[in-house]
Amino acid sequence: MVNYNNKSRWAGFKYSIIEFLNKNKWLLTLLSILIVLALLTGIFTSIKLYNLDNDIDLEKYSMYSLIDGNIYSFGFFLLRYLSCVIIIGLLFVFSKNVFLGILGIVIIVYRAFLVTLNCTFIIIKLGFGGILSSVLIIFPCQLLILLLLALIFITFVNMAKNKKECGFIGQDYLRLFFMLLLILFLVDIVEVTLLLIFKPTTILIV
């Protein structure tokens, strides 16, 4: 027997997502452009820095060595996820005000810059092993996390607007937020698991 209630709920939620994307086109476009520019800037900056100093201290760029097997642990995963939770907390605070919202955008863009900065260093310093770990594991996962953080920030902005205009947050926004949070949690698990399985001699962004 077809469960029409579930189908109706899914159709309604699907419509809400489409409406959400259409409603926030300008902010999504702005963030997309800034993220792409930040990703490119990260690549060029890492190459320039390496050309200036071939013996760069990688610890200065928020990178951690994964050579030691002890680093592959549940605690390491929690530390990585905690960093995302802190960022989400800041995005929530900054979404309350238009001017503070600029800081939220800066956080996302800066994280995009760090992704390619660190991944390019990985490739430069570690060669083929760095390509495998950064291009096939770290970059795709971090890019997806960036997208999720951008969508979470926009969701917070919409929540704040709805609260101010209507007096309530909105159930659809809460559902979307928790769905994005769950996906982010799963992506983090996948990234750490893949690095644990393949155990690349690499450097990982936290």
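## Glutamine 171

Glutamine 171 counts as exposed, because its relative accessibility is 56% and the cut-off for exposed is over 50%. This comes from a predicted model. Glutamine 171 sits in helix 6, the element that spans 171–198.

Methionine 159 is twelve residues from glutamine 171 in sequence. In space, the two C-alpha atoms are 9.7 Å apart.

## Overall fold

The protein chain has six helices and two strands. Read from the N terminus, the order is α-α-β-α-α-α-α-β.

The chain has 206 residues, and 41% of them count as buried. Contacts with a separation of 6 or more were also sorted by sequence distance: 79% of them join residues 24 or more positions apart.

## Helix 2

Helix 2 covers residues 25–52. It has 28 residues. From first C-alpha to last, helix 2 reaches 40 Å, close to the 40 Å expected at 1.5 Å a residue.

Which residues of helix 2 are buried? They are Leu27, Leu28, Leu31, Ile35, Ala38, Leu39, Gly42 and Ser46.

## Nonpolar core

In soluble globular proteins, nonpolar side chains tend to be buried together. Here, the largest nonpolar core holds 47 residues. Leu91, Ile108 and Leu184 touch the most other members. Helix 2, helix 3, helix 4, helix 5 and helix 6 each give two or more residues to this core. Helix 5 supplies the largest share, 15 residues.

Leucine 91 deserves a separate entry. Leaving out residues up to four places away in sequence, leucine 91 touches Gly104, Ile107, Ile108, Leu149, Phe153 and Phe156. One of these, Ile108, is itself among the core residues that touch the most other members.

## Largest pocket

Rolling a probe the size of a water molecule over the atoms shows where empty space is left. The largest pocket has a volume of about 380 Å³. Its lining has 16 residues, and the closest to the pocket centre are Ser95, Asn97, Val98, Val157 and Lys161. Helix 2, helix 4 and helix 5 each give two or more residues to the lining. Helix 4 runs over 98–126 and helix 5 over 128–166.

Which helix gives the most to this lining? Helix 5 does, with five residues. By class, the lining of the largest pocket has ten nonpolar, three polar and three charged residues.

Note on methods:
Residues are numbered from 1 along each chain as its sequence is written. This is a predicted model: local features need pLDDT of at least 70, side-chain atom pairs count only at pLDDT 80 or more; totals for chains, interfaces and linings use all residues. Side-chain values use heavy atoms; hydrogens and water are left out. On a 1 Å grid over the protein atoms alone, a cavity is a set of points where a 1.4 Å probe fits but cannot get out, and a pocket is an open set with protein on both sides within 12 Å along at least five of seven lines; lining residues have an atom within 4 Å of a point. Grid points are joined across faces, edges and corners, and a volume is the space filled by probe spheres set on the points. Helices (H or I, at least four residues) and strands (E, at least two) are DSSP runs, numbered from the N terminus. Ala, Val, Leu, Ile, Met, Phe, Trp, Tyr, Cys and Pro count as nonpolar, Asp, Glu, Lys and Arg as charged, and the others, Gly among them, as polar. The expected span of a helix is 1.5 Å times one less than its number of residues. Buried means under 20% relative accessible area, exposed over 50%, partly exposed in between (1.4 Å probe, protein chains only). A nonpolar core is a set of buried Ala, Val, Leu, Ile, Met, Phe, Trp, Tyr and Cys residues joined through side-chain atoms within 4.5 Å. Contact means heavy atoms within 4.5 Å.
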